[in-house]
Amino acid sequence: MSGAGKMVCVTGASGYIASWLVKLLLEHGYTVKATVSNLSDPKKTDHLLALDGARERLDLFEANLMEEGSFDSAIDGCDGVFHTASPAILSATDPRAEIIEPAVKGTLNVLRSCAKVESVKRVVITSSMASVLYDGRKVLTSDVVVDETWFSDPLICENRKLYYPLSKTLAEEAAWKFAEANRIDLVTLHPAAVLGPLLQPIINSSVGMIMTLVNGPQTFPNKVFGFLDVRDVANAHIQAMEVASASGRYCLAGCVAHIYDTLKILKDLYPAFNIPEKCGDEQPLMEKFQVSKLKAKSLGINFIPLEVSLRDTVESLKEKGFFLKSDI
């Protein structure tokens, strides 16, 4: 894997996944043009500028998801574009204005910029399993295998007030429609809940979930998640750009586990943690469904075990000072 002589753009580069993507791209010799929402905010820029190779091959640009043409200068001259920028929040005072519109309009604005640049050979969009799982055809039980033929139903998302899944679903729909009309070679990646070490100085939602669980709540939620490591997600992005045969959608989940399973692992790793032992409701534990790995493996992805991701997540949180001494 060598990016020597290649230039790519990464939108939303200060984020959890994108920061790792920029890191790996630089390690592989790429020149990276990266966008952030505010160049004056050191929390969005300093950790990127500190990466190996950044001084020589990283240029930062300010861009606004809601502003058409905002990404033109960052995408100009690039061989490929990774679009990761999208609101990664689960609730908001005005979900349409804060979550849905930036996701959909932002995706279209990035693709409009791509359509202007003849050198762009492929666009890789960071979607989510959230645009896959709410299909409505089947109840998620242990015999169900979710794959790339699943599409979340916007009506189901809206009726359940699942605004983040709705935003990712509508953004993906808009992306495929625009790409087909404008002959853009598009690949979408659909990661499950992402864990692993942080490069950015703030806690994202999926890592925040783990931190909450080990900070001693009375009960744990009766929920099941797909999980994978942030380093695998970043690697999958690069493979999706480099593998000539890559096409369509890719579900990314190293494993599916109940919160109870993750807590057992954390308790074994860190016996001193005050981890909850009782479920938050009286119902039987939710069943674990399956997520197909066939397409992901075609990109050469070998998933890091959940135990390793959990350990590295906690160690990263400790290193960055997010745990009090009493917590550890």
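Mentor: One term before we start. A polar contact is a pair of N or O atoms within 3.5 Å. Also, keep in mind that this is a predicted model.
Trainee: Okay. Which residue caps the N-terminal end of helix 2?
Mentor: Asp41 does. One of its side-chain oxygens lies 3.0 Å from the backbone nitrogen of Lys43.
Trainee: And which residues are buried in helix 2?
Mentor: Helix 2 covers residues 42-49, and Thr45, His47 and Leu48 are buried there.
Trainee: What covers them?
Mentor: The cover includes helix 1 (16-27) and helix 3 (54-57). Strand 2 (31-36) and strand 3 (58-62) are also part of it.
Trainee: Switching to the cores. Which residues touch the most other members in the largest nonpolar one?
Mentor: Val10, Val22, Leu25, Val32 and Leu58, out of 78 residues. Helix 1 gives the most to this core, with nine residues.
Trainee: What is Val32 in contact with, leaving aside neighbours within four places in sequence?
Mentor: Val8, Val10, Val22, Leu25, Leu26, Arg57, Leu58 and Asp59.
Trainee: How many residues are in the second core?
Mentor: That separate core has 30 residues, among them Val104, Leu111, Ala174 and Ala175.
Trainee: New topic, strand 10. How many of its residues are buried?
Mentor: Four of the five, so to speak of residues 248-252, are buried.
Trainee: In what sense does strand 10 pair with strand 7?
Mentor: Parallel, over five bridges, with strand 7 spanning residues 186-191. In one of the pairs, Thr188 has Arg249 of strand 10 as its bridge partner.

Note on methods: Residues are numbered from 1 along each chain as its sequence is written. This is a predicted model: local features need pLDDT of at least 70, side-chain atom pairs count only at pLDDT 80 or more; totals for chains, interfaces and linings use all residues. Side-chain values use heavy atoms; hydrogens and water are left out. Buried means under 20% relative accessible area, exposed over 50%, partly exposed in between (1.4 Å probe, protein chains only). Helices (H or I, at least four residues) and strands (E, at least two) are DSSP runs, numbered from the N terminus. Contact means heavy atoms within 4.5 Å. A polar contact is a pair of N or O atoms within 3.5 Å; within protein, one must be able to donate a hydrogen and the other to accept it, and residues adjacent in sequence count only if both atoms are side-chain atoms. A nonpolar core is a set of buried Ala, Val, Leu, Ile, Met, Phe, Trp, Tyr and Cys residues joined through side-chain atoms within 4.5 Å. Two strands pair if DSSP finds at least two bridges between them.
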